[in-house]
Each structure stands twice: as structure tokens, then as C-alpha cells.
Amino acid sequence: MAAPIRILTAVPICDGHDSAINTINLEFIRHGIEVIYLGYHRSVGDIVRAAIQEDVRAIGISSYNGGHVEFFGEVVDLLRKRGATDIKVFGGGGGTITHDDAEAMKHRGVDKIFFAGTSLTEMTDYVRERYGKPRKRAGTKSPDVQLAWRLTEIEDGTRRSGREKKRQTSNIKHRTSRVIGFTGPGGAGKTTLIDEVVLRFLNQNSKGRIAILSHDPSVIGKGALLGDRAAMINSQNDRVFMRSMATRGQAGGLSPATHDCLALLGRSNFDYVIIETVGTGQEAMPFQKNGIVDLTVLVMNPDYGSRLQLQKIVMLDLADIVVVNKSDLQRARTAHAEIKQRLEQNRRAQRLIDTVAKRHRDPGVDQLFDLIS
Ligand code: B12
């Protein structure tokens with residue numbers, strides 16, 4: 001089966017008109033496309049960095065507040081400057097982008113602008129037709145571009161030669177980075193917590209680099225919304241290499257390619273590699289395979305239901321650190337006491353921390369960062 005087309009979508013800086021792109025994203029996904037959504041109010045630099053790291057076929061920009069001729073043109077120019085000429089740019093913006101503007105944008109290297117009244121089918125057909133064919137790689141020396149290409153080859157299973165495959169799946173223990181696994185139910189705040197941990201890392205270590213491998217669910221052969229980047233603020237940084245992966249039909253929180261992608265990232269000069277699983281259920285043990293991580297963090301929401309529910313969560317037996325995030329919620333004190341009691345049954349040196357990841361300079365997140373680093 002052919003690998004899904006991956007595209008990145010975003011709304012430019014100083015623009016909050018995201019309703020059009022949210023609808024278009026869903027239509028793309030419904031037609032088997034994997035969409036990495038970067039969110040609104042995004043700069044040229046953030047968009048190009050993300051597109052390169054995600055190795056997408058194209059960037060779709062939805063623009064309503066003006067300045068589109070310059071903005072789209074700058075995106076094309078920066079892609080060129082960074083050696084990623086095989087990533088194309090297209091988009092729309094209702095009645096704001098005139099036909100004359102679209103002509104000027106085409107001259108600056110933009111593939112296509114969609115005007116008001118275009119059907120969703122027309123747009124998805126265009127993406128599948130224009131970006132669905134195998135592409136020719138343009139040569140580049142940029143290490144992030146090269147790394148992104150190799151991750152795609154692993155994920156799509158296109159790196160087939162025996163020697164390469166052996167190297168690719170080589171022992172994960174040969175890594176030079178420390179690997180931290182974050183897991184927990186959907187809505188617990190894993191992404192925000194990771195973003196805050198990244199901020200502390202960037203502040204503490206002025207030259208260090210960190211990689212994030214983030215997962216969202218998808219059914220085999222179908223599309224997916226890879227939306228974790230939209231919740232990231234501090235991780236929009238050249239010292240952070242983030243890659244979003246769809247699970248492509250695999251249960252348990254990770255993708256069939258996670259192990260090999262991690263092996264590659266682990267020997268690519270990052271100080272840390274953070275893996276974020278999809279929102280997991282009671283039975284999930286995503287990091288059990290081959291000592292895939294050095295440290296596991298289970299992020300819980302205080303609203304897990306009754307005490308009885310805790311007995312059923314397998315990761316409470318396995319995690320090194322358990323975080324009760326959203327600890328400003330009313331039920332958090334009870335949750336802390338109940339989870340503490342549950343962990344005591346394990347008789348292991350597990351740590352329990354309360355955090356409010358959405359709060360700047362949260363002391364709980366500081367404590368988590370100290371434990372990790
Ligand atoms: C809905 C809307 C809002 C909503 C936005 C809600 C949201 N979360 O998105 C609200 C009310 C919040 C809002 C606020 C504002 N808005 Co307003 N808004 C609109 C409106 C009415 C519709 C835009 C829309 O979503 N259309 C629906 C989409 C699906 O259809 P479409 O636009 O025709 O797009 C087609 C194609 O272009 C294509 N397309 C669009 N994007 C993309 C992307 C890709 C990748 C692809 C493939 C295709 C594609 O898809 C559609 C296919 O038919 C437009 C007026 C208009 N009729 O366009 C004004 C408009 C965009 N807003 C405008 C303004 C001025 C504002 C405000 C500044 C007002 C204010 N003073 O506060 C604020 C700014 C908000 C902000 N933070 O940026 C102006 C912009 C003027 C300009 N650029 O010169 C407009 C044009 C209204 C006007 N005539 O004055 N707005």
C-alpha cells in the first residue's frame with residue numbers, strides 16, 4: 001500500500017482566521033491524507049522549520065488578514081534557502097486574495113491559490129494529484145533536511161537494501177541521547193507538559209538540542225490529524241527537532257516505525273529524545289519493547305473516575321515518574337492521595353509529582369525537569 005501523503009497546514013502570523021483551514025484539514029484527512037496542523041498566528045520561520053522536519057510534500061496556508069503576497073513568497077524563499085525546494089506551497093483565503101495577487105504569488109513560486117466558492121473535493125483532488133506522485137529529491141547538505149528524509153524512508157518502508165535495513169534497525173542501545181517516554185490518557189496535558197520541559201532544557205543548556213517524536217492515532221491506509229505542534233509554543237525553536245507520526249494501524253500508542261526512527265534519532269547528536277504516545281487506555285504498555293526508553297513518565301488527569309479505576313492502569317506499575325497534571329483542579333488532592341496509595345503497593349522507587357503545565361514557571365514542572373535531567 002502506498003504511504004499516505006503528508007502535508008503541513010497553517011495560518012500566518014497576526015491572523016486568527018482558522019475556521020476555513022479546520023474544515024479543509026478534516027476533508028483532507030477523510031481522503032487519506034496525513035495533515036500536520038501547525039495552528040494559527042505562525043511565522044514564516046516556524047512554518048518552514050516544521051515543514052522541513054516533518055518532510056511534508058507541501059505546505060497549505062490559509063490567509064485572511066492581508067500581506068499574503070509577501071508571506072507566501074517568504075515561505076517559498078526560505079524553503080529554497082534551507083535546501084528544501086521539493087516542498088511546495090499552496091493555499092487560499094476567501095475573497096482577501098485577489099486574482100491579481102494570486103498571479104503575483106505564482107511568480108514567486110507558489111503552486112496554486114484557491115478562491116472563494118471552490119469545492120472541498122476540488123482541493124483534495126488537487127492535493128492527491130499534484131502531491132501524490134513520487135518526488136525527486138533535490139540534493140542538500142542541511143543535516144535536518146537529511147534527517148527528515150531518512151525518517152520518511154523508515155516510516156514509509158522505502159529504505160530496503162539489506163545493509164541499510166540492518167543499520168536502521170540496529171540496536172537501540174547504541175544511542176547517544178537520553179530517551180524519555182511520555183504517555184497517559186488523551187487530554188491529560190502531555191503535549192503542554194513536554195513543551196514546558198523543553199523550555200527548561202533550552203534555558204539550561206544554551207547549545208543543546210532536543211528531539212520530539214510525537215504520535216497521533218490513525219487507521220491503516222487512512223488519513224490522520226497530527227495536531228501536537230499546534231499546542232507547542234517553546235518547541236518552535238531551531239534547537240528542537242520535532243517529528244509527528246501517525247500510528248498507521250498499530251495499537252498501543254506508537255507506530256510500527258517508532259523503534260527504528262528512535263534508533264536513528266538516538267544517534268543523531270540530540271541531548272534528549274522525547275517520545276509522546278497517543279492518548280492511551282488502561283492496558284497500554286508502549287515502552288516495554290527492547291528497553292526503548294531510559295525513563296517513563298505517566299501523565300494523569302485528576303479526573304480518572306473512582307479509586308477502583310487506578311487498579312486497572314498497567315502503566316501505574318511500570319512508570320518511573322507519575323505526574324498528576326491539572327493539579328489546580330478541585331479533585332487533584334484526592335487524586336494525589338489515591339495514586340500515592342496505589343504506587344505504594346508496587347514497593348518501587350516511583351516518584352509522584354503534581355503539575356499545572358499550562359502555568360508559567362510551575363514548580364511541579366521544575367521538579368519534573370530536575371528528575372529528568
Ligand atoms: C469568519 C470570519 C471571521 C471570524 C473568524 C472565525 C475563525 N476562527 O476563523 C471572526 C468573526 C472571529 C473574524 C474576525 C476578524 N475578521 Co474576519 N472574516 C470572516 C469571514 C466572514 C469568512 C472567512 C471564512 O472563514 N470563510 C470560509 C471559507 C471556508 O471560505 P473562503 O474564505 O471563501 O475560502 C475558500 C478558499 O479560499 C479556500 N481556502 C481558504 N483557505 C485555504 C487554505 C488552503 C490550504 C486551501 C487549499 C484552500 C483554502 O477554501 C474556501 C473554499 O471555498 C471573512 C469574510 C469573507 N467572506 O471572506 C472575514 C474577513 C476575512 N475578516 C476580516 C477582518 C478585518 C476581521 C477582523 C480583523 C475584524 C476585527 N476588526 O476584529 C478580525 C480578525 C480576527 C483575527 N484574530 O485574525 C476581513 C479581512 C479584511 C482584509 N484582509 O483586508 C474579512 C475579509 C471581512 C471584510 N470583508 O472586511 N472573522
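Here are some notes on the predicted model above, point by point.

1. Ground rules. The model is predicted, so local features are taken at pLDDT of at least 70 and side-chain atom pairs only at pLDDT 80 or more, while totals for chains, interfaces and linings use all residues. Residue numbers start from 1 along each chain as its sequence is written.

2. Overall build. The chain has 13 helices and 13 strands; these are DSSP runs numbered from the N terminus, with helices being H or I of at least four residues and strands being E of at least two. The C-alpha trace spans about 70 × 50 × 40 Å along its principal axes. A compact globule of 373 residues would have a radius of gyration near 21 Å, and the chain agrees because its value is 21 Å. That radius is taken over C-alpha atoms, and the globule rule is 2.2 Å times the number of residues to the power 0.38.

3. Buried residues come to 45% of the 373 in the chain. Here "buried" is 20 or more other C-beta atoms within 10 Å of a residue's own, "exposed" is 12 or fewer, and "partly exposed" is in between, with C-beta atoms placed from the backbone. Among contacts with a separation of 6 or more, 77% join residues 24 or more positions apart; a contact needs C-beta atoms, placed from the backbone, within 7 Å.

4. Two domains. The assignment gives domain 1 (6-131) and domain 2 (172-372), with bounds from an automatic or database domain assignment. Their centres, over C-alpha atoms, are 30 Å apart. Across the boundary, 18 residues of domain 1 contact 16 of domain 2. On the domain 1 side, helix 1 (19-30), strand 2 (34-37) and helix 2 (44-54) each supply at least two residues, and helix 2 gives the most, with 5. That side divides into 8 nonpolar, 5 polar and 5 charged residues. For the classes, Ala, Val, Leu, Ile, Met, Phe, Trp, Tyr, Cys and Pro are nonpolar, Asp, Glu, Lys and Arg are charged, and the others, Gly among them, are polar.

5. The core. The largest nonpolar core has 100 residues, and I7, I59, V75, V273 and V323 touch the most other members. Both domain 1 (6-131) and domain 2 (172-372) contribute residues, so this core lies between them. Such a core is a set of buried Ala, Val, Leu, Ile, Met, Phe, Trp, Tyr and Cys residues joined through C-beta atoms within 7 Å. Leaving out residues up to four places away in sequence, V323 touches L193, V297, L298, V299, M300, I353, T355 and L368.

6. Around the ligand. The shell has 28 residues, the closest being G16, G60, G92, G94 and A116; the cut-off is a C-beta atom, placed from the backbone, within 6 Å of the molecule. Helix 1, strand 3 (58-62) and strand 4 (88-92) give two or more residues each, and helix 1 has the largest share, 5 residues. By class the shell is 9 nonpolar, 17 polar and 2 charged.

7. S63. This residue lies in the loop between strand 3 and helix 3 (68-81). Why does S63 count as buried? Because 25 other C-beta atoms lie within 10 Å of S63. Beyond four places in sequence, S63 touches P12, D15, H68, F71, G91, G93, T96 and I97.

8. Helix 9. Residues 258-266 form a mostly covered helix, with 8 of its 9 residues buried.

Key:
Two residues are in contact if their C-beta atoms, placed from the backbone, lie within 7 Å.
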